[in-house]
Number of protein chains: 2
Amino acid sequence: MATRTASTGRRPSPSGGDELGLVDALAQLSFLVHGILADTAGEFELSVIQTRVLGVLRDRTPTMNELARHLGLDKASISGLIDRAERRGLVQRTVSPTDRRSYQVSMTDTGRALASRVAERFAARIELLVADLAAADRRRLAQLASQLIDRAT
Amino acid sequence: MATRTASTGRRPSPSGGDELGLVDALAQLSFLVHGILADTAGEFELSVIQTRVLGVLRDRTPTMNELARHLGLDKASISGLIDRAERRGLVQRTVSPTDRRSYQVSMTDTGRALASRVAERFAARIELLVADLAAADRRRLAQLASQLIDRAT
DNA sequence: TATTGTTATACTCTATAACTATA
DNA sequence: TATAGTTATAGAGTATAACAATA
């Protein structure tokens with residue numbers, strides 16, 4: 001992923017130490033992290049969305065509908081997503097005991113193990129990315145990012 | 001350090017003031033910004049990748065191959081991408097004067113105008129997101145993000 | 001022969017609309 | 001009737017492999 005501002009596509013001025021505007025910096029950082037995630041997921045033959053599904057299921061057993069709302073996708077899209085994950089043995093559908101139209105989606109042990117490995121590998125690569133930052137800077141960055149996430153929630 | 005993994009979609013506990021670990025904070029921030037971009041692009045019937053293509057073409061006239069390298073995609077994928085953008089009148093292929101196998105891809109005026117509108121709208125939404133941050137925090141965040149981007153380049 | 005780009009093929013991901021089966 | 005989920009269909013985006021034209 002070359003150096004390029006996401007919103008404008010403009011190249012930052014030459015040699016390192018570039019100071020991007022906040023909008024461009026956030027856009028590029030987003031591409032960077034998203035790319036690392038896609039890449040990491042790919043190492044395990046997973047797409048980003050399949051990885052997110054596993055993440056959601058890590059501590060939840062949602063219905064198809066709830067999953068759709070969680071991921072911001074149509075329920076029809078979820079059907080396919082879960083079909084493919086189920087075919088790989090990563091998740092399973094269980095008929096709801098209270099509503100026979102409804103399923104509860106849960107992770108299998110295989111799925112859980114895979115999710116852990118992906119998360120671990122992803123964390124390692126992010127750690128590598130931030131390795132240069134001083135402890136105080138890392139804390140500061142985490143705090144600022146958390147603040148934005150909170151605001152958007 | 002694999003507590004709350006946002007890499008995997010885990011949501012922190014509800015009420016504000018959560019202090020995420022750096023890995024999770026970056027992962028969630030990435031999803032957030034990426035989502036805003038996808039949403040903004042969608043307002044103009046563009047996908048994220050089409051928007052990125054327009055961004056690249058903003059100050060370049062690459063060949064198909066160069067575009068592929070820029071975006072980290074196969075040249076075959078670029079063919080389809082440019083086909084669709086060309087069909088919408090956003091970009092055009094021009095045969096290279098020096099190598100008749102090769103094309104130079106450039107933006108049309110229509111494409112340029114659209115790219116500007118998307119970038120403007122995206123910036124506005126990001127500004128909204130960071131509206132709460134003090135000026136010093138914004139500078140700090142931009143600086144830290146830039147540092148990571150530099151490192152990855 | 002090597003390179004540039006397209007085409008053929010296959011798969012994932014996504015939405016909309018129509019459907020089935022419950023409720 | 002209304003809701004949960006699936007299926008049918010269509011299209012974008014991606015890769016790999018085979019191909020054409022040009023170098």
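**Stop 1: the A–B contact.** Select chains A and B. Their contact (heavy atoms within 4.5 Å) takes 66 residues from chain A and 62 residues from chain B. This is a predicted model: local features need pLDDT of at least 70, side-chain atom pairs count only at pLDDT 80 or more, and totals for chains, interfaces and linings use all residues. Residues are numbered from 1 along each chain as its sequence is written, chains are lettered from A and ligands numbered from 1 in the order written, and side-chain values use heavy atoms, leaving out hydrogens and water.

The area buried between chain A and chain B is about 5800 Å². Buried area is the accessible area (1.4 Å probe) that two parts lose on being put together, summed over both. Carbon and sulfur atoms give 66% of that area.

Stop 2: Four salt bridges run between chain A and chain B. A salt bridge here is a side-chain nitrogen of Lys or Arg within 4 Å of a carboxyl oxygen of Asp or Glu. Pick R140(A) and D137(B): their side chains form a salt bridge at 2.4 Å, N to O. Eleven residue pairs are in polar contact between chain A and chain B, both residues at pLDDT 80 or more. A polar contact is a pair of N or O atoms within 3.5 Å; within protein, one must be able to donate a hydrogen and the other to accept it, and residues adjacent in sequence count only if both atoms are side-chain atoms.

Now colour chain A by helix. Helices are DSSP runs (H or I, at least four residues), numbered from the N terminus. α6(A) gives the most to that side, with 15 residues.

**Stop 3: a bridge between chains.** Select R151(B) and D132(A). They form a salt bridge, with the closest N and O atoms 3.2 Å apart. R151(B) lies in helix α6 of chain B and D132(A) in the loop between α5 and α6 of chain A, so the pair joins two chains. R151(B) is partly exposed at 37% relative accessible area; D132(A) is exposed at 54%. Buried means under 20% relative accessible area, exposed over 50%, partly exposed in between (1.4 Å probe, protein chains only).

**Stop 4: bridges within chain B.** Go to R125(B) and E43(B). Their salt bridge has its closest N and O atoms 3.1 Å apart. The pair links distant parts of the chain: R125(B) sits in helix α5, E43(B) in helix α1, 82 residues apart. Next, select R60(B) and D59(B), whose side chains meet in a salt bridge at 3.6 Å, N to O. R60(B) is buried at 11% relative accessibility, while D59(B) is partly exposed at 37%.

**Stop 5: DNA strand C.** Show the residues near the strand (a heavy atom within 4 Å of it). 22 residues surround DNA strand C; the closest are S47(A), S77(A), R84(A), S79(B) and R101(B).

- Q50(A): an N or O atom in its side chain is 3.1 Å from a phosphate oxygen of DNA strand C.
- R100(A): a backbone N or O atom lies 2.7 Å from a phosphate oxygen of DNA strand C.
- R101(A): a polar side-chain atom lies 3.4 Å from a base oxygen of DNA strand C.

Finish on α4(A), which gives the most to the surface near DNA strand C, with four residues.
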